[in-house]
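Please find below my comments on the model you sent. They are set out as numbered points.

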Amino acid sequence: MSQTLPLRLHHHAWITDDQEATRRFYEDVIGLPLVATWSERDVLFGAERAYSHTFYGLADGGALAFFQFADPEDQREFRTDVHFTPFRHIAFKVARETQDALRERVAEAGYAEPDTFVVDHGYCLSLYVTDPNGLMLEFVVDHPDVARIDAERRTTAHADLARWLAGDHTSNNTWR
C-alpha cells in the first residue's frame with residue numbers, strides 16, 4: 001500500500017495583536033506579499049466572534065496566516081502566550097542570495113541579537129528572525145552536498161533514533 005503525503009504546507013496560523021505591525025514585518029522587511037485579508041464573523045466555541053485573517057504568500061502557494069479579533073476579550077482568550085524558545089520555529093528553504101538580502105533588510109529594520117542570529121549547522125546555514133508576534137522564523141540555505149547528506153540521514157534515521165533512545169547521545173553531525 002502506498003502512502004500519500006501532504007502536498008505542501010497550506011498555511012501556518014498564529015495570533016497577532018497588531019495586523020499592521022505584522023504586515024510591515026512580513027511584507028516590507030521579509031518580502032512576503034499580503035495575498036488575502038478575510039474579515040469574518042462566525043460562531044466559534046459558543047460565541048459569535050469577529051476577526052481578521054491575513055495571509056502572506058510563499059513561492060510554493062503556501063502562506064503564513066495571522067488572526068486578530070475585534071473584541072479584546074476574544075483576543076485575550078485566543079492569544080498565543082507560549083514560553084519563548086528558539087526550538088519552536090518555522091523554517092523556510094531559501095537561496096543564499098535570498099538569505100543575504102533578508103539579513104540586510106532585517107538589519108536595516110533594526111533587528112539585532114537576540115531577535116535575529118545566524119547558526120551554521122554544518123549541513124545548512126540558518127538565519128533566525130523573531131517576528132513582532134514572538135514567532136521565530138528560520139531561513140535555511142542547504143549545504144552544497146545536500147543530496148548526499150539527505151540520503152545518508154534517510155538511510156540511518158531509524159537506527160540513529162534507536163541509538164538516541166537507548167541513551168547514546170553522541171553527535172552524528174559530521175558536517176560541523
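The points below take up the sheet, the helix packing and the pockets of this predicted model.

1. The sheet. Four strands form an open sheet with mixed pairing, in the order β1-β4-β3-β2. Its edges are β1, residues 11–15, and β2, residues 34–44, each of which pairs on one side only. On average, and with direction ignored, neighbouring strands of this sheet are turned by 25° against each other.

2. The pairing of β1. Five bridges join β1 to β4 (residues 63–69), and the two strands run in the parallel sense. Within this pair, alanine 13 stands opposite alanine 65 of β4.

3. Helix on the sheet. Helix α1, residues 19–30, packs on the sheet and touches β2, β3 (47–57) and β4. Between the direction of α1 and that of β3 the angle is about 15°.

4. Helix on helix. How do α1 and α3 pack? Their axes lie 9 Å apart, at an angle of about 130°. Because angles over 145 degrees count as roughly antiparallel and those from 65 to 115 as roughly perpendicular, α1 is oblique to α3. On the α1 side, Asp28, Val29 and Ile30 take part, and they meet Leu102, Arg105 and Val106 of α3. Sorted by class, this contact has four nonpolar and two charged residues, with no polar ones.

5. The largest pocket. The space in this pocket comes to about 280 Å³. Its lining consists of 16 residues, and the closest to the pocket centre are Leu32, Leu58, Phe92, Lys93 and Val94. Two or more lining residues come from each of β5 (89–93) and α3 (96–108). Which element gives the largest share of the lining? That is β5, with four residues. By class the lining has 11 nonpolar, two polar and three charged residues.

6. The lining is made up of Tyr123, Ile149, Arg153, Asn172, Asn173, Trp175 and Arg176. These divide into three nonpolar, two polar and two charged residues.

Definitions and conventions:
Residues numbered from 1 in each chain as written. Predicted model: local features only at pLDDT ≥ 70, side-chain atom pairs only at ≥ 80, totals over all residues. Heavy atoms only, no water. Pairing = 2+ DSSP bridges. Axes fitted to C-alpha atoms, helices over the stretch in contact; angles between N-to-C directions. Contact = heavy atoms within 4.5 Å. 1 Å grid on protein atoms, 1.4 Å probe; cavity = no way out; pocket = protein on both sides within 12 Å on 5 of 7 lines; lining within 4 Å. Points joined across faces, edges and corners; volume = space filled by probe spheres on them. Nonpolar A, V, L, I, M, F, W, Y, C, P; charged D, E, K, R; others polar. Parallel < 35°, antiparallel > 145°, perpendicular 65-115°, else oblique.
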